[in-house]
Every structure is written in structure tokens, then in C-alpha cells.
Amino acid sequence: MAQEVTVTGKVTDKADGQPLPGVIVTVQGTSKATSTDAAGKYAITAASGAKLEFRLLGMKTQVVTVSGTTVDVSLAGDETSLNEIVVIGYGTQKKSVVTGAISSVKASDLENMPVTRIEQSLQGRTAGLTITGASGQPGSGATLRIRGTTTIGNSDALFIVDGVQVDGGIDYLSQSDIESIEVLKDAASASIYGARGGNGVVLVTTKKGKDTDGKIRVNYNGFVGSQAPDHKLKLLNAAQYATLYNEAAVAGSKAANPATAIRFPDPAALGEGTDWQSEVFNNSALWHNQELSFQGGSARSTYFSSLGYFDQEGIVASKNSRYKRFTARFNSQHKITDAITFGNNIGYTRINSIGVATNDEYGSPLVRAINMDPITPAVERDPAKFNAPPYSNFPVVRNSEGFPYGISPYAQSEILNPLAALAVAQGDNWSDKVVANLFLEVEPLKGLKLRSSGGVDLAFWGDQSFRPVFYLSPTTESKLNAYTRNMNRGLFWTLENTATYSKTIADHHFQVLAGMSAQKNKGENLGGLKEGIPVNNLKDASLQFPVARLDNNFYGGEYLSTLSSLFGRVTYDFKEKYLFTGVIRRDGSSRFGPNNKYGYFPSVSLGWVASKESFFPENKVISLLKFRGSYGVTGNDRIGDFRYLSTVSGGRNYSVGTGLLPVLVNGVSPNALSNPDLKWEETTSTNIGLDAVLFNTFTFTADVFTKKTTDMLLDVRVPLYVGNNGPIGNIATLTNKGIEFELGYSKTIGEVSFKANANATFIKNRIDFLGEDKEFLSGARITPQQLELTRTAVGHAIGSFYGYRSEGLFQNASEVANYKNAAGNPIQPDAKPGDIRFADLNGDGKINDADREFIGDPTPDFSYGLTLSAAWRGFDFLIFGQGVAGNQIFNGLRRFDLPSSNYTTEALGRWTGEGSTNSFPRLTTDDANQNFGRVSKMFIENGDYFRIKTVQLGYTLSKSISKKAGLDKVRIYAMANNLLTLTRYNGYDPEIGGGSFGIDRGYYPQARTFFIGLNLGF
């Protein structure tokens, strides 16, 4: 056995040579351990040849073999640990001293992730952030919620890009331009943004230049992919449709001989019929992206510049669903002197797009494909039919070969041939956007930085559409063409001045920030419509054509709001062990009344790094343990401009005079009553958190939070005799409570490195108060009958499903007769065997609106994400998945108000006799029992899902090979998006966001996509 000796030494920081206290030194394979003192020195007994392991949070672990009595070590920084720098409002901070709830996503997490919008790349990657796609249409946005829905009004998060507030989302950004994204989740983090931070804040930092000794680094990233729908619905074919149509017609017939209602005497002869889904879906829609960036500079001046082009076809009606985006960026920073720095961040984006309705039961291509009868052909090629009415006496729509699109004699209302409707849909959208900021920073004294910055978000956008003369069905035709064009311009500018002073006195570290901000947001819109112009297509259409005055319609509008702010922040830490942050902001807004023009938004947060205490036991399990707590107030000012005033509008025509020729006068009148006491919504947030590093390979974060929004901005109800609308007021209250977890793992074994990241969020949303005059607010409605589908009520979540409880089906006439009230009368007098038995919840002996209840919630209780990656030599592999649980979906795919609409094959299991089923009611055209005419539990489905969002395999050529080609880096990769979705939902896609959250009206699904890509570095 080797003789043990006392080994001494000193541990320093490799970056600056400073001693590192608190480094844990262990003898591998034994229980011996010690730590370095304030001077970085240590002493430990070990045998010659033993291995010493040096560990410190924020530094890379190092192992050294004992070969003498002195072992000195220099540790390098580990940027993947809690020592990394995160962006906070108006500054940066080491993650190890952050006291608020902030999640960060770095550029390395986003590389080669093919998404249309940056918001989508955050989905499932951070706890507390719930992102639901608005649709699968290219360019479509997403519903983003930070720690739940904060208000009944606009709950969208605030986006800050390089210090500039950006409205309308961040789809203008190219993903390869992103350096980092920080999500400020609690009020302690977001209160620095005051009245705008109530829904949470997303900070986006774009890439900057680097000191490359004057060399230019060029990087190319490109991919091309093919998209297809994940699956099609199982719909009835022509023979099945005809069979069920006959059955429903006979059951609903009032004729003496119901058999006379049979419309299809030989259903089997109709065969498969038309597969309308295949007609509108594209199984090989293209998607490609090309990006080229330039980066370089010197010690005095650096720059980053990029160009990008993105083009994606939709999987539904690809000729009518497409998104193109061109981006250009130039960021630079210049050190004029050692004390003066100047810089800019400038981005320009041009977007051209066309689209179809994405979740609309009235006229979207998918709704028509689902509901259209499969008997009608997509294109009518039979001369005997297309030479007869209605083809012969109306301006029917024809394909490129001259054949007319099929016109159904069975379909009703908006349900018609989707191909014909797409052929006459002519229109497009466009936008130009510039987001830029300039800054000047001066350091007159050591530790004092004065910074002035100016930012703009300048946008021009519009759309145009042309409606030709056409005949699609007896209820859908255009006898006069029309051309519509809309143009908009918006300008948001901000000026900000800040002073930041940082000071270290012994082990005490202080930083004080004081600042002021002025903002203005203004814009205008102008549009016009002309009918009967002498053209037949969009390309030739113009508003310059002269038409009769009655065929003209022009309109316009303007908006304007301002915000003036003062803010400050103090941060303090002692040995990075005891932590404190305090924030205060004062905002004054033009949107609020003179009695409450200004609001104050404070926050305070504390932190304690227990693992740095002298009494904390030395161990190999916990190398860092930090506790955090915070309390703060943020606001929400997202209402219309000047709503506190009693504004007036025109267009209120009134007949003046008497006799045979009264004069019609265009008058003005107030829009609503005024409210000079109108003020901000306030969201109060409490957060308790824990950060830990375990076994030097695991990072763990947990947060428990409560968010309470008070004084929510809602319209006030007033009696009808007032003669006007009520003002907007501060009324409602809601609460979000939840728990978040994040777990990270990083380990290298030999030549193989592993990484894993997982997160989970549990959250509950509840309305506490809606005002003295109401207990609920009606929400979404469905079908032309405007059936109430969702309701926001005290004690329940926002937008919960509201309807009738179904208690199975009546199996025989006796069950119908025995379901009676106290008077002995049937509770459902129109019911027959096979109909739904609805619950008489209030016990009044009849089924009516008073028997409805809450039957589901579209908001998930639980959301989660998981990323696994590995690298070996030049190979790299990644798999990423995310999911939700605890939510429900309303399946409104079929237009049940139209008896001729097609069914899914679920209808083959309908009730056909006693005992056949207790879930799917009988089919009948009259539906006297309102089996399908009531919103009930029958339409509510489980919305849980887990989706493998990304699987990627890449290979990077060795430098020796790439250098021979004159390249610094060559990486090729293959990838799949939305590869697998596990769900019990029966629609296309269980992820349904946007304006009809959790309501499937014919939702445009997300595509399954396969890519190949290439990265080149020069």
C-alpha cells in the first residue's frame, strides 16, 4: 500500500488567476474531502498515485493524479452551470445571484429547430410557459401564456427585443439571429416593466459581433423538408353515407309511409365516392430555409450581419396557404474610447402570405372536406350532367381543363365543394417591418455607466382580395365582382436613459439602477372596396376603376397612446450568499383617467445560498442549495385608447323633418359613458423557489407561485334606460396557483457526452369575482344557432365549457315513459328510444337552459417537456417531446345543424336498437330531442397528449477533413418534426390554440415533416 502524505496546494481561476475559495477537494474512491479557504488553499492526506477531484459550481470539474506533496490547479469556467449570465430588464446578472423566477433558452438550444415563429421554439423548453399553436397554417401565431391566463382581456406576454417593445409577436425574427431568450415569470423579475409586465415578459437578445482579430466568420445554415398531415379522419364513404342518410330520413319522416323518404335506393352501388380530405390535403408540401451570417471585428469594433429567406407551403390547400419571409440584420458595437461605447441593432423583415380559414365551422376547406357528402364528384366530367342545370344556367367555377367543379344536390348552407371555393378565393397579405435601436454608453467613473437608447418598431402591412362572379351553390354565389384593399401603418418609438452604478466593498456587492422612459405608439389604417370593376382576377384589380357611388366604400381610422415612466432597481449580495433585489416603477399612461393617470409597481426578492454557509456539511450530493422568495406587483394597460372618455362616433343616421320628404342626416353620438377613475389592472405575484446542484451533474429548480389579478378591465353593465353603453371599469378578480419544476443533467463518459432537460408545470386558474351585478360572462358560441359553448364564472377557470350532462341513451319506450317529473309528465316528451337522456339538474321536471353545468376546461392542469441529447465523436443526436394533461376539447367537426353533413365512421356504431350502444344516439333528420342541437358532454373529449416534436441526427466532419475544403465547420443533419402524437382525441390535432382555444371547429393541423439540413462555417 502506498504511503499517505499531506498534499497541499492552491486553486485559482484560469480566467484571471484569482484564488477560488469553497472548492471541494476529494480523494476519489474514498470519503476524504476538504475545501479551499479564502486564499484558495487546501490540505488533504492522500497516497501517491491517488486521484484528487476539484469541484466548484460554475467551474469545470478537474481530476489530478498525486505525484508529490504539492498540487496546484486552475479551474476553467463552465458556462453551462448556474454561473452563466442571464439577461434581465435593463441589464444582466449572474444566474447564481438571481432571486426572481427567470428561465433562459440559449442559441445552442434553438439551433436547427425548424419553426415558423420563435414562440414555437420555446414550447416545452421551460417551466411555467404554456404555448399552444393557433393552427398549422404557415405563419400562424401561437397562444403564449406565462403562468396561466392572467386576465379576461388580453393575456399576451410582453415581448422586448434588444430593448425595444414589439407588438404583434416576434415572427419577424429569424431563429438563427437569436442569442438568448429569457422568460421573466414572477413580478420580482417583470415589475421593472411596470404596467406592461402583468402577463409576463419575454426578453429576446439577438447575436452580436465578436473579436476575431479582423477576420470575417461566415456561417451558412439551410434545410429543406417535406410536410404531410399526420393522419386523416375516418369518414363515411359514399355507400355508408347513403345508408345512414336513408336511415336518418326514415326516422325523421312525418309521412304515412316513412319509406318514401329513402333517397338512395341502392347505396352499395355508390361505392367509395369522393375522398374530400385527399382533395384538400397535400402530402408533399415543401418547406425550406436559407440563412447566411457574417460575424467579426476587433477589440474596438464588432459586427454581426445576416440574411435569411424562409418559404413554407401549407398542407391544406397549398396554393391558398403559403408563407414567405425575407430577413436582414445588422448589429454592431464600437468602442470609441475606453469610456464611450456606441452601438446599434437593426432588423428588417418582409413577409408575403396567403391563407385559408383555420378553425371556422362556416367556410374553412377542412370543414367543407369533412362535412361534404362523398357522393358528389370533385369535378363533374359527365356531359349529361354538366350540360344541364345548374351547370348550364349559372356562372359555375371550372378547373384548368374547363370542367366544372361538382355541385352537390345534398349539401346545405356553407358546406359546398371546397375545391370550387378555393378556386375563387383570391387574395394575399404583406408586411414590412423594421425594429431598430441605437445606444450610447458612457462610463465617466469606474463602476458608473450612463446609457441613452432610442428604439423604433416601424411597420407597414396590408391585404387585398378579389371576389369574382361565381356560382357555388344555391346559397353561395356572387353576381357582382368586388375588390378590397387595406393598408396600415404603425410606429412605436421609445427613448430611455439609465444610470447604473456597481460597487464592491470587501465581500459586499451593490448595483443601483435608475432610469426614465418615454414611449409613443401611433398608427393609421385606410381601406376601400369597389364592386363591378371591369376585370376578372386579382392581378388586374385596382381601386382606380370608376364605379357608381353606391358601389364604393372607403374607410379609415387612427390610434394613439403614450407612456411615461420612471424606474429603479437595487441589487445586493454578500459573498453571493445573501441576496437582495428591490424594484420600483412609476408609469403614466394616456389610456387611463385623470384620477388614476399614474401607477406604482414595486417588488422585492430575497435569496439565500445555504450551501455557502460554514455549517453546511461537505458532501458529494449537494454542491449548491439556494432558496429564493419574491413578492411584487405588475400591471396591464391593454385596452383601447381613451376608453376612460365618452368618445363620439358618426354613422348614426337619423331622419329629420316630417311629411313625404324627410331628410336623412348623418349624426354623431357618444359611444359609451365616461369613467375618469379608470386605472390599471394589477397582478400581485408571490413566488418561493429553490435551486440546487446535485452530484455535480444534476441541476434542479422548483417554484411555487400565486398570481392574483385585481381590478380587471371589463365593460360595466348599465340599465337600458341609460340609453348608452356602460363605460369600461375595474371590476373582476382571478387567481392562478401553480408549481414548476426544471431538471437538468450533463455527464461525459469517455467519448460520449449526455444531456437531459425536463420541466413540468402544474397550474390552476380560478375566477374569484366578476362584479356585483353578474356571476358569469358568456364566451364562445358555435353554429348559426349561436349555442353558448363556454362561460367564465366565479369559482371556475376562464372559458370553461358549459352545457348539458348526458346520462346515456334511452334504450326502449319504457325508459322514456318512466323518466318523468313529480306531476307524472315525461321530462323529455319528444324523446324516443335511442335519444340522449339529459340530466334534470335543477329538478323542475323539464330540460331547459337551467339544467346546464360546467362540463370541461380547455386549459391544461399540467404541461411538460423533455429533451435528451448525446454526442459521440462527430455524431450528435437529439429528441425533444412535450405534452399537456388535464384539459378537454370540444369536438365540433361535424355541422350537426345540417342533417346532410357527413359523419366519421364513429356513426357506424350509432344506436340501432335496444342494447346496441349507450353513447352514440340514433340518427334522425328532425332531431326533436336535440341530441345534436344542444351543447352536451357528448361532444367533450380528453385533450391530453404527448408529442415527439423533434428527432434530429447530425454529423460534423472532423476539422482535418473540413480544413481541406477550406471550411471551419461542416455539419449535415436529418430531422423529423411532429413525428408521433399520443392522444385519445379523435380530431386531427389535440393542440388547439388561437381565438377558439380548445374548440375544434375544423382545426388546421400541424404537419409531420422530414428535413435534411446543412451547416457550413468559413
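Which residue lies over the face of tyrosine 945, and at what distance from the ring centre? In this predicted model, arginine 947 takes that place, 5.5 Å from the ring centre. A second case of this kind involves tyrosine 819, whose face has arginine 837 over it at 3.9 Å from the ring centre.

**Salt bridges**

Side chains of opposite charge can pair when their charged atoms come close. The count of salt bridges here is 47. Three of them are listed below.

| Salt bridge | N to O distance |
|---|---|
| Arginine 1008 and aspartate 230 | 2.5 Å |
| Aspartate 641 and arginine 591 | 3.0 Å |
| Aspartate 691 and lysine 626 | 3.6 Å |

In the salt bridge of arginine 1008 with aspartate 230, the arginine belongs to strand E53 (residues 1007–1017), while the aspartate sits in the loop between strand E17 (216–229) and helix H4 (238–252), so the pair ties together parts that are 778 residues apart in sequence. Arginine 1008 is partly exposed, at 25% relative accessibility, and aspartate 230 is partly exposed at 27%.

Aspartate 641 and arginine 591 form a salt bridge between two loops: aspartate 641 is in the one between strand E31 (622–636) and strand E32 (648–656), and arginine 591 is in the one between strand E29 (578–589) and strand E30 (598–609), 50 residues apart in sequence. Aspartate 641 has a relative accessible area of 22% and is partly exposed, whereas arginine 591, with 16%, is buried.

The salt bridge of aspartate 691 with lysine 626 links strand E34 (residues 681–694) to strand E31, across 65 residues. Aspartate 691 is buried, with a relative accessible area of 8%, and lysine 626 is buried at 2%. Elsewhere, shared partners join Asp162, Asp177, Lys208 and Arg329 into one salt-bridge network.

**Aromatic pairs**

The structure contains 35 aromatic pairs. In one of them, the ring centres of tyrosine 245 and phenylalanine 264 are 5.4 Å apart and the planes stand at 80°, so this pair is edge-to-face. Tyrosine 245 is in helix H4, and phenylalanine 264 is 19 residues away, in the loop between H4 and helix H5 (276–280). Tyrosine 245 is buried, at 17% relative accessibility, and phenylalanine 264 is buried at 7%.

Phenylalanine 601 and tryptophan 680 also form an edge-to-face pair, with ring centres 5.7 Å apart and planes at 85°. This pair links strand E30, which holds phenylalanine 601, to the loop between strand E33 (663–670) and E34, which holds tryptophan 680, 79 residues apart. Both residues are buried.

Ring pairs also link Phe801, Phe890, Phe896, Tyr903, Phe920, Phe932 and Phe939 into a cluster.

Terms used
Residues are numbered from 1 along each chain as its sequence is written. This is a predicted model: local features need pLDDT of at least 70, side-chain atom pairs count only at pLDDT 80 or more; totals for chains, interfaces and linings use all residues. Side-chain values use heavy atoms; hydrogens and water are left out. A salt bridge is a side-chain nitrogen of Lys or Arg within 4 Å of a carboxyl oxygen of Asp or Glu. Helices (H or I, at least four residues) and strands (E, at least two) are DSSP runs, numbered from the N terminus. Buried means under 20% relative accessible area, exposed over 50%, partly exposed in between (1.4 Å probe, protein chains only). Rings of Phe, Tyr and Trp (its six-membered ring) pair if their centres lie within 6.5 Å; planes under 30 degrees apart count as stacked, over 60 as edge-to-face and the rest as tilted. A charge sits over a ring if NZ of Lys or CZ of Arg is within 6 Å of the ring centre and within 35 degrees of the ring normal.
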